Amino acid sequence: MSTSKPDASRDSAPASTPASTPASTPASTQAPPPASTPVDGGATATPHGRITGAVWTALALVYVVWGSTYLGIRIVVETMPPFLSAGARFITAGLLLAAVVAWRHGPAALRATRVQVGSAVLVGLLLVLGGNGLVVLAETSVPSGLAALLVAAVPMWVVVLRASTGDRPPGRTLAGVLVGLAGLAVLTSPGLSGTVRLSGVLLVVAASMLWSLGSFSASKLSLPGNPFTGSAYQMLAGGVAGVIVGLLRGEHRGLDPTAFSTASWLALGYLVLFGSLVGFTAYVWLLQAAPLSLVATYAYVNPVVAVALGALILDEALTWPIVVGGAVVVAAVVVIVSTERRKK
């Protein structure tokens, strides 16, 4: 659910900033800045539309890093409590990102109005706590590949939100939503048949809806002008809230850090540094250096990467509902994203 992944309300692509995709969300949680926003590195579009090696490198990072966050989450929750580990991840990533912003641009770059901070907190709660947090909790019982495919439905929920506010999506977009919902129905069958926990499947669906709501809201609210500053506040707000929820759930009772596996520690570090920092930085740079239609392809590449990694590394089963339902959802996302790009 990618801080995390980009604002799906603007692209109709899954929001996922380094945090966040609900996994990652991505994880994932700052809406992408407008094309005129300066980003570290001073990237600009190449002359004559030529795509450089740096662009392909950054795109590969977004593909692999955001796609791999679902695998990382699954490894973390094997021995670590879900909300406490997720909260620690985002608090650490938020502090690191704030430090980088202050170092590069001075402490003044972290200033924001009360309204901007309040908006960032609200978006952070929806994306980081709701979108990503529920995915983390769900992955204690749901395979990482299945979680990624369910989260891939974010663009469909964004279209539904847009339609509920008076927007009239093209017929092709609506057709993509209907096809995608059919794919979701197939993807939920493992929960209905008892192959995986139905509660876990429903948690991921709820997470994707909250991620969509957070992404949609981000485009309507007044957020800090610097996207990195906004992301830092969102990660900190969502991280603190995650720790609070973890404590309320009693995850701290009998907690023994020495029982955490080395693999879980390494996966948590990977999620902080790569999922929540590198992936987001690469995405924001790509917004300035590459065609938006090319950048948006992460929306349907990430779930494929997640399924492949889950099968190769964790030996997750590729059952027919996952293969067929996942293919239908990804195809629907391709239709929605490509149609929305033509509108712009």
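**View 1. Val 330 sits in helix α14.** Helices (H or I, at least four residues) and strands (E, at least two) are DSSP runs, numbered from the N terminus. This is a predicted model: local features need pLDDT of at least 70, side-chain atom pairs count only at pLDDT 80 or more, and totals for chains, interfaces and linings use all residues. Residues are numbered from 1 along each chain as its sequence is written, and side-chain values use heavy atoms, with hydrogens and water left out. Val 330 has a relative accessible area of 15% and is therefore buried. Buried means under 20% relative accessible area, exposed over 50%, and partly exposed in between (1.4 Å probe, protein chains only). Leaving aside neighbours within four places in sequence, Val 330 is in contact with Leu 149, Tyr 300 and Pro 303. Contact means heavy atoms within 4.5 Å. Val 304 lies 26 residues from Val 330 in sequence, and the two are 8.4 Å apart in space, C-alpha to C-alpha.

**View 2. The whole chain has 14 helices and 0 strands.** From the N terminus on, its elements run α-α-α-α-α-α-α-α-α-α-α-α-α-α. The chain has 344 residues, and buried residues make up 58% of them.

**View 3. The largest nonpolar core holds 58 residues.** A nonpolar core is a set of buried Ala, Val, Leu, Ile, Met, Phe, Trp, Tyr and Cys residues joined through side-chain atoms within 4.5 Å. Tyr 70, Leu 146, Leu 150, Leu 184 and Leu 187 touch the most other members. Helix α4 (residues 114-138) gives the largest share of this core, 9 residues.

**View 4. Leu 187 and its contacts.** Neighbours within four places in sequence are left aside here. Leu 187 is in contact with Leu 146, Leu 149 and Leu 150, among others. Its contacts also include Pro 321, Ile 322, Gly 325, Gly 326 and Val 329.

**View 5. Helix α2 (residues 53-76) crosses α13.** The axes come within 7 Å and cross at roughly 50°. Axes are lines fitted to C-alpha atoms, for helices over the stretch in contact, and angles run from 0 to 180 degrees between N-to-C directions. α2 and α13 are therefore oblique to each other. Angles under 35 degrees count as roughly parallel, over 145 as roughly antiparallel, 65 to 115 as roughly perpendicular and the rest as oblique. The crossing of α2 and α13 is right-handed. A crossing is left-handed if the near helix is turned anticlockwise from the far one by less than a right angle, and right-handed if clockwise. From α2, the contact takes in Val 62, Tyr 63, Val 64, Trp 66, Gly 67, Ser 68, Tyr 70 and Leu 71. From α13 come Tyr 298, Val 301, Asn 302, Val 305, Ala 306, Leu 309 and Ile 313. The contact of α2 with α13 has 12 nonpolar, 3 polar and no charged residues. Ala, Val, Leu, Ile, Met, Phe, Trp, Tyr, Cys and Pro count as nonpolar, Asp, Glu, Lys and Arg as charged, and the others, Gly among them, as polar.

**View 6. α2 also meets helix α5 (residues 144-151).** Their axes come within 9 Å and cross at roughly 135°. That is why α2 and α5 are oblique to each other. This crossing is right-handed. Tyr 70, Leu 71 and Arg 74 of α2 make the contact with Ser 144, Ala 147, Ala 148 and Val 151 of α5. By class, these residues are 5 nonpolar, 1 polar and 1 charged.

**View 7. Helix α6 (residues 154-164) packs with helix α9 (residues 198-218).** The angle is about 55°, and the axes are 9 Å apart. So α6 is oblique to α9. Their crossing is right-handed. α6 brings Val 154, Trp 157, Val 158, Leu 161 and Arg 162 to the contact. α9 brings Val 205, Ser 208, Met 209, Trp 211, Ser 212, Leu 213 and Phe 216. The residues of this contact divide into 9 nonpolar, 2 polar and 1 charged.

**View 8. Asp 315 lies in the loop between α13 (298-313) and α14 (320-343).** Its phi is near 60°, a positive value in a residue other than glycine. Asp 315 counts as exposed, at 67% relative accessibility.

**View 9. Ala 308 is in helix α13.** Ala 308 is partly exposed, with a relative accessible area of 35%. Leu 318 is 10 residues from Ala 308 along the chain, and their C-alpha atoms are separated by 9.2 Å.
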